[in-house]
Amino acid sequence: MSPHSLSPLSLSKDKIRVLLLEGIHPNAVRVFADHGYAAVESLPHAPDAETLKRLIADVHIVGIRSRTRLSADVLGAAHRLFCVGCFCIGTNQVDLAAARGAAIPVFNAPYSNTRSVAEMVMGEIIMLLRRTFEKSTQAHAGVWRKTATGAHETRGKVLGIVGYGHIGSQLSVLAESLGMRVCYHDIVEKLPLGNAVACRSLGELLSAADLVTLHVPATPETRDLIGAREIAAMKPGSLLINAARGNVVRIPALVEALKSGHLAGAAIDVHPEEPASGDEEFVSPLRGLANVILTPHVGGSTLEAQANIGIEVADKLVRYSDNGSTQGAVNFPEVALPVQGRVTRFMHIHRNEPGVLSRINAVFASRGLNIAGQYLRTDGEIGYVVVDVDGELEDDANLRRNLETIDGTMRVRFLV
């Protein structure tokens with residue numbers, strides 16, 4: 001009898017429930033459908049916590065964007081959830097430790113909107129240098145102020161990029177194509193693209209740049225990275241752009257520098273406090289300042305980026321559901337797995353303790369099951385073992401129970 005004909009404990013795809021929230025791009029639905037997932041529900045909004053707990057109680061896979069909050073309390077109500085997809089760059093909206101403790105890997109799309117963010121920042125650079133937004137506002141009010149005062153070309157200006165990752169490095173290429181000189185600073189040594197020059201410190205960059213743009217992740221080290229001292233170190237009349245995270249810049253210090261004229265302008269797309277929905281008022285001391293471009297966290301919000309994100313994250317979720325691959329998970333040991341052949345694949349997630357692997361192997365050996373392939377990855381807290389078993393499987397729930405009762409077990413799944 002083929003092992004594929006005996007699957008009392010494996011959940012078929014038509015019974016795997018997928019919930020997609022916040023109007024995730026239809027590409028995601030298509031990816032699931034193409035792989036045989038029929039029970040996919042897509043909703044346009046971000047539910048409140050109580051509604052969310054009700055919605056995900058029996059869901060196996062959930063996809064969210066930036067406004068849905070998966071707290072420890074919410075995750076505790078998700079009794080069947082085995083993976084989460086953040087259809088965006090960040091994962092701050094998910095309690096990653098709680099997800100990890102529940103053996104739930106979380107996936108995101110760290111690179112799909114790179115071009116969109118870089119293009120918007122490049123546009124803001126030009127708009128700030130030309131004071132376009134100020135003049136547009138005046139023209140809308142009936143004021144005709146045709147003047148070159150304070151307006152500059154990009155050519156020859158020094159752009160300082162803080163954070164030379166995928167977005168920062170791509171922006172570097174765009175800026176050089178317009179004749180800008182680029183310097184950058186990153187805590188990790190990065191090879192420059194084009195003629196960009198690395199700065200040895202943040203202070204060196206701030207004092208050299210005509211424009212400073214921020215592209216760093218949200219970490220304890222980057223919180224309040226740009227405050228009064230750092231702004232004071234910037235050139236008089238320079239410009240600041242934040243397309244990173246809202247807590248990277250001290251807003252009161254920025255407001256003071258703009259009002260005093262030390263900074264000639266700023267473009268801020270991310271904010272320390274952002275409305276949970278379009279029905280809430282956006283409150284910021286930067287409102288009303290003519291030399292500030294304010295946008296509602298839309299740096300990566302293009303149709304092209306959302307389409308790419310829909311494919312990227314859905315594909316990661318499908319690969320985990322179909323064959324156990326955790327490549328791209330942000331809170332989990334990463335294991336890249338081959339396509340499952342004519343074997344039964346067992347996935348065992350456990351606390352990273354000595355002796356677990358030998359006890360797993362003993363369970364299979366006691367039944368005379370040959371291990372055709374085995375993949376193990378651990379980190380400080382979690383171990384993830386994937387075992388391909390070649391042999392006859394009895395219709396025996398004791399096999400799963402034996403694996404589940406191994407000390408330290410967090411979750412057992414298997415695929416046939």
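A residue is called buried when its relative accessible area is under 20%. In this predicted model, Ser325 has a relative accessible area of 2%, so Ser325 counts as buried. Ser325 lies in the loop between α11 and β13.

Leaving aside residues up to four places away in sequence, Ser325 touches Phe107, Arg319, Tyr320, Val335, Ala336 and Leu337. With one of these residues, Arg319, the contact is also polar: the two side chains are joined at 3.5 Å. Ser301 stands 24 residues from Ser325 along the chain, and the C-alpha atoms of Ser325 and Ser301 are separated by 28 Å.

## Helix α11 and the residue after it

Helix α11 covers residues 303-323. Its 21 residues, at 1.5 Å a residue, should span 30 Å, and the C-alpha atoms at its ends are 30 Å apart, so expectation and model agree. Just after α11 comes Gly324, which takes a positive phi of about 90°.

In general, an α-helix has 3.6 residues a turn, so residues three or four places apart point the same way.

## The aromatic pairs of Phe346

A search of the whole structure finds 7 aromatic pairs. One of them is formed by Phe346 and Phe364, whose ring centres lie 5.0 Å apart with 65° between the planes. Planes over 60 degrees apart count as edge-to-face, and this pair is therefore edge-to-face. The pair links distant parts of the chain, 18 residues apart: Phe346 belongs to strand β13 (residues 344-351) and Phe364 to helix α12 (residues 356-365). Phe346 is buried because its relative accessibility is 3%, and Phe364 is buried because its value is 1%.

Phe346 also pairs with Phe414, and here the ring centres are 5.0 Å apart and the planes stand at 35°, so the pair is tilted. Phe414 lies in strand β16 (residues 409-415) and Phe346 in strand β13, so the pair ties together parts that are 68 residues apart in sequence. Phe414 is buried, as is Phe346.

Phe82, Phe107 and Tyr320 form one aromatic cluster.

Arg413 lies over the face of Phe82, at 4.2 Å from the ring centre. The charged end of Arg413 also sits over the ring of Tyr320, 5.4 Å from the centre of that ring.

## The open parallel sheet

An open sheet is formed by 5 strands in the order β2-β1-β3-β4-β5, with parallel pairing. Strands β2 (40-42) and β5 (106-107) stand at the edges; each has a single partner strand, so one side of each is left without a neighbour in the sheet.

Within the sheet, strand β1 (residues 18-20) and strand β3 (residues 61-64) pair in the parallel sense over 3 bridges. Leu19 stands opposite Val62 in β3. As a general point, strands of a sheet pair through backbone hydrogen bonds, either parallel or antiparallel.

## Thr114 in helix α5

Thr114 is placed in helix α5 (residues 114-130). With a relative accessible area of 6%, Thr114 is buried. Its side chain reaches the backbone oxygen of Tyr111 at 2.8 Å. When residues up to four places away in sequence are not counted, Thr114 touches His166, Ile167 and Gln170.

Key: Residues numbered from 1 in each chain as written. Predicted model: local features only at pLDDT ≥ 70, side-chain atom pairs only at ≥ 80, totals over all residues. Heavy atoms only, no water. Phe/Tyr/Trp six-rings, centres within 6.5 Å; stacked < 30°, edge-to-face > 60°. Helix = DSSP H or I, 4+ residues; strand = E, 2+ residues; numbered from the N terminus. Buried < 20%, exposed > 50% of the residue type's maximum accessible area, 1.4 Å probe, protein only. Lys NZ or Arg CZ within 6 Å of the ring centre and 35° of its normal. Polar contact = N/O pair within 3.5 Å; in protein donor to acceptor, adjacent residues only side chain to side chain. Contact = heavy atoms within 4.5 Å. Expected span 1.5 Å × (residues − 1). Pairing = 2+ DSSP bridges.
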